[in-house]
Amino acid sequence: MKSADKSISAKPFVKWAGGKTQLLNAFKKYYPKALEEGKIDRYIEPFVGSGAVLFDVMQRFKIKEAYIFDINPELITTYRVIKKDVEALISYLKELESKYLGLEKEQRKKFYYSVREDYNRNKLDFTSADYSERAIEIAGSFLFLNKTCFNGLFRVNRRGLFNVPMGRYKKPTICNETNLRNVSKVLQNVLAFYGDFSACKKYINEKSFVYFDPPYKPLNVTSNFTSYSMDAFSDQEQIRLANFYSEVDKKSAYLMLSNSDPKNVNENDNFFDELYQDFNIFNVQAKRVINSKASQRGEISELIITNYNCFLEGREEYERCEIL
């Protein structure tokens with residue numbers, strides 16, 4: 001079995017709305033105790049995004065193999081490129097970084113939109129995440145845009161085209177060589193797949209820890225900033241996910257899911273209470289980061305749902321924790 005490598009310090013390589021880096025300290029309290037006991041050797045993440053929990057789990061516990069999924073083909077391609085061709089990607093990014101930082105403001109703007117236009121044009125016929133000769137270019141452009149766009153926000157329109165304007169960073173770090181190499185080392189035991197969350201089912205067994213981080217249910221109109229992909233994650237999709245959660249629970253795997261808490265805006269909204277009534281529902285505090293108005297970025301509650309009991313600090317025994 002592979003031992004956790006404490007000498008590596010890999011962190012998410014992409015900025016991602018809804019990323020869990022700031023919540024890791026809170027999340028650790030809800031990990032299954034079986035992780036520390038070495039009873040789990042497989043990690044699965046059906047909505048990988050920036051992979052904050054992936055990198056935390058892979059570096060802290062003895063995980064033999066991991067399987068990650070996402071419906072964003074460029075994101076999955078980037079994971080695969082970092083795993084297989086990190087040095088080629090670094091060279092590509094360093095060239096982009098050198099060109100971009102050497103330009104004045106107006107020239108930078110033209111450069112950014114030129115890369116964005118090429119990225120969108122090239123991705124029109126890119127409907128799968130197969131590893132191809134264009135993979136390094138796709139991954140490099142994806143990361144460049146992510147590091148230089150407004151607020152590091154990844155968003156596409158209904159046609160699947162990236163439409164975020166240029167950011168105002170004076171000297172953005174486009175190529176973090178050290179972290180990319182560390183990420184590559186962690187990913188050697190990770191298989192990345194382009195596809196719907198349900199595709200993970202065949203990899204789940206009794207020694208698996210599965211973390212679900214779906215697109216959150218919007219708390220209001222403004223919190224739904226469009227989408228990470230051209231396919232919106234509606235209430236019907238939330239219901240489909242809840243049914244899938246119940247289905248794979250029968251595999252005796254350890255399941256953990258996070259989502260928004262509708263009670264932030266309506267204390268009588270029992271949407272998730274009803275969907276996950278057979279499981280444990282916990283409440284954690286998180287900072288709102290997806291909002292154009294700084295005054296509306298504050299602490300709100302989020303939900304963590306598990307199919308196992310959690311031992312929380314301050315409690316004397318394993319027990320069910322109701323929504324606060």
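View 1. The model shown is predicted: local features require pLDDT of at least 70 and side-chain atom pairs count only at pLDDT 80 or more, whereas totals for chains, interfaces and linings use all residues. Residues are numbered from 1 along each chain as its sequence is written, and side-chain values use heavy atoms, with hydrogens and water left out. Helices (H or I, at least four residues) and strands (E, at least two) are DSSP runs, numbered from the N terminus. Strands β1 (residues 42–45) and β2 (residues 65–70) run parallel and are joined by 4 bridges; two strands pair if DSSP finds at least two bridges between them. The chain passes from β1 through α3 to β2 in a right-handed β-α-β crossover, a term that applies if, with the strands pointing away from the viewer, the path from the first strand over the helix to the second runs clockwise.

**View 2. Strand β1 is covered on both faces.** R42 and I44 on one side, and Y43 and E45 on the other, are all buried. Buried denotes under 20% relative accessible area, exposed over 50%, and partly exposed in between (1.4 Å probe, protein chains only). Strand β1 also pairs with β4 (residues 208–212), in the parallel sense and over 3 bridges. In β4, V210 is the bridge partner of I44. Helix α3 lies across β1, β2, β3 and β4 and runs at about 175° to β1. Such angles run from 0 to 180 degrees between N-to-C directions, and axes are lines fitted to C-alpha atoms, for helices over the stretch in contact.

**View 3. An open sheet of 7 strands has the order β3-β2-β1-β4-β5-β7-β6.** The pairing in this sheet is mixed. Its edge strands, β3 and β6 (280–287), each pair on one side only. On average, neighbouring strands are turned by 20° against each other, direction ignored. Strands β6 and β7 (residues 299–306) are antiparallel and pair over 8 bridges, with Q285 having S301 of β7 as its bridge partner. Helix α9 lies across β4, β5 and β7, running at about 165° to β5.

**View 4. Helices α5 (residues 86–101) and α6 (residues 105–123) pack at an angle of about 145°.** Their axes are 9 Å apart. The contact, defined by heavy atoms within 4.5 Å, is made by L96, K99, Y100 and L101 of α5 together with R108, F111 and Y112 of α6. These residues divide into 5 nonpolar, no polar and 2 charged. Here Ala, Val, Leu, Ile, Met, Phe, Trp, Tyr, Cys and Pro count as nonpolar, Asp, Glu, Lys and Arg as charged, and the others, Gly among them, as polar.

**View 5. Helix α8 has buried residues that pack against α3 (52–60), α4 (73–84), α5 and β3 (190–194).** The buried residues in α8 are N179, L180, N182, V183, S184 and V186.

**View 6. Residues N151 and S252 have a positive phi.** Most residues other than glycine have a negative phi. The value is about 60° for N151, in the loop between α7 (135–148) and α8 (177–186). For S252 the value is about 65°, in the loop between α9 (235–249) and β5 (254–260). S252 is partly exposed, with a relative accessible area of 49%.

**View 7. Cysteines C175 and C200 are buried.** The relative accessible area is 8% for C175 and 0% for C200. The structure holds 0 disulfides, a disulfide being a pair of cysteine sulfur atoms within 2.5 Å.
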